[in-house]
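Try each task yourself before you read its solution.

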Amino acid sequence: MKNKKAIVLCECGIMIALATVLSMIKLFALPFGGSITAFSAVPLIVISYRRGIKCGLLSGLAYSIIQLILDASVLSYATSLTAGIAIVFLDYIFAFTFIGLAGIFKIFNDGNAINATAGTVLVCAIRYICHVISGCTVWAGVSIPSSDGLIYSLSYNATYMIPETIVNAVVVYWLFSSLNFNSERIERAQKQKKSLAATVLASVGVLSLAVSVIIDAITLFSKLQNEAGTLDFSLIGNVDPVFVSVVFAIGVVLCGVLLIASKVVNKSKD
């Protein structure tokens, strides 16, 4: 038991270090923060899928702290203590810790590649939400215009998060199609025919849920943003609960239908 814990700890440490190194390899960097890296999320996704969500979240948390330390100079742009705390949590702690949720779809026996790719899309969408909220609130008037800050934040963060999601999803699909991470000793995965179609369906399903959450989050925080560009929770009455509920329900239904379709397609290969 102790040996297994030591092995898991070593694996987590190695993957955190690898993720950190890959994050320093920037394929493209934007002037006000954000970059496309050499699939830096993949090691954390592997840990989450292989060792469970708990290990994934703890590894993601450690990775987020390392990223914060490496980018500590960004805090000098905070206009207040509250803004600094928001930057720490939205752009780092939440954005990178939640990568550890990537293994959440392992409960579905649809094949490693399908589950891992769907999980990758989900966690990248969550990270995008965090950066968008940070952009239209904390960074409004600093690196993002105060007027139309939400639209600008959506566009700005999409320019690197969409390619970053694609890069990580492609590498994860290839890696999990080639190797079996379920066993203690990593082995070559059995060839899965027609798995690509099932993966696409599952990923689109997860993406539809993520989009609905993004829309709800954007709607919520746009209503809570006052004229000064800061969050004011006393404005919660401006939020339309029916709209938020309907959007979320649509996302849940689409996700469920497409995940079921993915499972049917994947079973049809047998």
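**Exercise 1.** Among contacts in the chain between residues at least 6 apart in sequence, what percentage join residues at least 24 apart?

*Solution.* Begin with the ground rules. This is a predicted model, where local features need pLDDT of at least 70, side-chain atom pairs count only at pLDDT 80 or more, and totals for chains, interfaces and linings use all residues. Residues are numbered from 1 along each chain as its sequence is written, and side-chain values use heavy atoms, with hydrogens and water left out.

Next, recall that contact means heavy atoms within 4.5 Å. Of the contacts between residues at least 6 apart in sequence, 72% join residues at least 24 apart.

**Exercise 2.** Which pattern does the chain follow along its sequence?

*Solution.* First count the elements: the chain has 8 helices and 4 strands. These are DSSP runs numbered from the N terminus (helices: H or I, at least four residues; strands: E, at least two). Then read along the sequence to find α-β-β-α-α-α-α-α-β-β-α-α.

**Exercise 3.** At what angle do the axes of helix H4 and helix H5 cross?

*Solution.* Two packed helices are described by the angle between their axes and the distance between the axes.

- Step 1: The axes of H4 (residues 81–97) and H5 (residues 112–137) cross at roughly 175° and come within 9 Å. Axes are lines fitted to C-alpha atoms, for helices over the stretch in contact, and angles run from 0 to 180 degrees between N-to-C directions.
- Step 2: H4 is therefore roughly antiparallel to H5 (an angle over 145 degrees).
- Step 3: Leu 90, Asp 91, Phe 94, Ala 95 and Phe 96 in H4 meet Arg 127, Cys 130, His 131, Ile 133 and Ser 134 in H5.
- Step 4: Sorted by type, the residues of this contact are 6 nonpolar, 2 polar and 2 charged. Here Ala, Val, Leu, Ile, Met, Phe, Trp, Tyr, Cys and Pro count as nonpolar, Asp, Glu, Lys and Arg as charged, and the others, Gly among them, as polar.

**Exercise 4.** Does Asn 157 count as buried or exposed?

*Solution.* Locate Asn 157 in helix H6 (residues 149–178). Asn 157 counts as buried because its relative accessibility is 5% (buried is under 20% relative accessible area, exposed over 50%, partly exposed in between, with a 1.4 Å probe and protein chains only).

Now look around it. Leaving aside neighbours within four places in sequence, Asn 157 is in contact with Tyr 128, His 131 and Val 132. The side chain of Asn 157 reaches the backbone oxygen of His 131 at 3.4 Å, and a polar atom of that side chain lies 2.8 Å from the backbone oxygen of Ser 153.

Key
Parallel < 35°, antiparallel > 145°, perpendicular 65-115°, else oblique. Polar contact = N/O pair within 3.5 Å; in protein donor to acceptor, adjacent residues only side chain to side chain.
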